[in-house]
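User: Please take a close look at a single part of this structure and describe how it sits in its surroundings. I would like one connected account, with the cut-offs stated.

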Amino acid sequence: MAQASIASVVVPKGGLAHEARAALIVWSRELIRFRRDPTRVASSVVQPLLFLFVLGGGLSALVQAGTGGIDFKTFLFPGVLSMSVLFSAAFAGISMVWDREFGFLREMLVAPVSTAAILIGKCLGGASVATLQSVVVILLAGLVGVPYDPVMIVELLILLFIMSFMITALGLLLAGRVKQVQSAMPLVQMIITPLMFLSGALFPLSRLPAWLTIVTHINPMTYAVEPVRAVVFDRLTMPAEARAILDPGIWWGSFQVPVLMQVGLVILASLILLFAAVKLFNRTE
Amino acid sequence: MDGSSIGGAEPAVEVHNLVKRFKEVEAVKGIDLTVRAGETFGFLGPNGAGKSTTIKILCTLADATSGTAKVAGYDVARDRDAVRRSIGLVFQEPTLDSYLTADQNLRFHGELYGVDRHTAAARRKDVLEMVGLYDRKDHLVQTFSGGMRRRLEIARGLLHSPKVLFLDEPTIGLDPQTRASIWQYIGELHKTEEITVFVTTHYMDEAENCDRIAIIDQGRIVALDTPEKLKAGVGKDRVQISTADDTAAIAALKEKFSLDAKMVEGLVTISVPEGAAFIPQLFEKLGIAIKSVTVQRPTLDDVFLNFTGTSLRDAEQKGSNFNPRAAAFRR
């Protein structure tokens, strides 16, 4: 046996390059696992379709008078796009509960890298998977009267990526607290559903009672959904009054929050959630 | 090449007065031990004796309440990442991703440990060949048997050329044949690697494979030496008899031979210097019908019995020192 020729490797001292490699491999694991799971791909497509064509189709006749002549499905399109990433990103984050149950979390946490590198990799993975899934919904744009503008599509993908990064971080934070596999999914439903309803994804926030408006202003999803809607509506020709009803923007009193600032707020929220998750995982293991 | 050499006489593991206290229980009650570079060191004891807690502290997965521990020359509390880079870990519980292939699991590990890219592929091949899984490298881990998974975990623990390999109950739940093959890999390791192996087990027969063993009971190290010396130290053979009336037999042994007999695994058990020569006297003087007799040269189980007053199997069945907090901690 050529025993002397056995490859011996040297493990280098830490450093940013090493942390980046660790984050990258965690990211690629998410993609590999997604690719191996066709049911997850299929099921992620079905729900947005139901919302867009069944709920949207059913309500459009009812609400036509109130939308300034715009198809309700067109209004719903950016919301459904956001929803499609919301659930798969939250699932990617909470999947850490399964990683703990099956022991793989320990393999990750005993490595000579920071917990932050691992969780950042996980967030990038969740965001990538969610954004990939949203492509299916983007392809439907033509059916609801939204043009296939390449710049719009790129902008949408960037915004959806940032949104799903934030939601994956939220999922990780939850996974840091929940130890039981059985309670993970109900908890996600319990947290994600109100975030979705109070974000303006499914109906304009302009007509909510005042106390609910405050809640929507605290909800980080509001600031993630509105830029998506703005990007889509910028490509549509619609009367100013219709836009005012359907896309009133976000107002803090008399200050209209600019879209770029909204994106900044989402990034800030992502970092806060990620930081909290890192703290939690550092402590519990 | 120099990366794997262990500086001269520096011990692989050095522990001083290590204590781990949970709220109401002291799981580790001040242990000292030194593991020499290059040896296979066995850490023996019943479940709940403090084995897993100690190994967790050595692997930087838990903080000691007091005392110090150094692994590969690094302090586990102060130099956490340096310790982690120098050790390989195989846990009792599986820690593989079964939705990835064997090779992908290793690749993941290599990237996480920052293994040099030029040698990583060759190293993956080497460790997979070592455990006989190279031809299955592209199969999903979910298709692997328990023994194959454990072998893959050992291969993964070796991937980054650790100086110390920790194996926590590497053979638990495996069939005897697989257990033997796992020990064969551990034995062969020293031929190809400059490595120290620290292994916990509660199978006495497996501990015979170690260069030196420490016996831990109720949070304390009660013996530490080579298996041969420990057995020689017992100095007595184990005689086990089954009789028509065990209680009367124990009383008779006390009265006629001044021997303290114990019930061990359902048999009246005595320790005598010359077991074979003692049997004729036993039949002559005991006065109680003897159904069967066995005489055994000392085994590690006798060593355990000698130091703790109970056999390992009885200690586990009684579960008297079962520590629920430590058990929860083990997860």
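Analyst: A:Met83 is buried, because 24 other C-beta atoms lie within 10 Å; a residue counts as buried if 20 or more other C-beta atoms lie within 10 Å of its own, as exposed if 12 or fewer do, and as partly exposed in between, with C-beta atoms placed from the backbone. The model is a predicted one, in which local features need pLDDT of at least 70 and side-chain atom pairs count only at pLDDT 80 or more, while totals for chains, interfaces and linings use all residues. Residues are numbered from 1 along each chain as its sequence is written, and chains are lettered from A and ligands numbered from 1 in the order in which they are written.

A:Met83 lies in helix 3 of chain A, where helices are DSSP runs of H or I with at least four residues, numbered from the N terminus. Leaving aside neighbours within four places in sequence, A:Met83 is in contact with A:Pro48, A:Phe51, A:Met196 and A:Ala201, contact being defined as C-beta atoms, placed from the backbone, within 7 Å. A:Glu226 is 143 residues from A:Met83 in sequence and 13 Å away in space, C-alpha to C-alpha.

With the same exclusion of neighbours within four places in sequence, A:Ala90 is in contact with A:Ile167, A:Leu170, A:Gly171, A:Val188 and A:Ile192.

Methods: Two residues are in contact if their C-beta atoms, placed from the backbone, lie within 7 Å. Helices (H or I, at least four residues) and strands (E, at least two) are DSSP runs, numbered from the N terminus.
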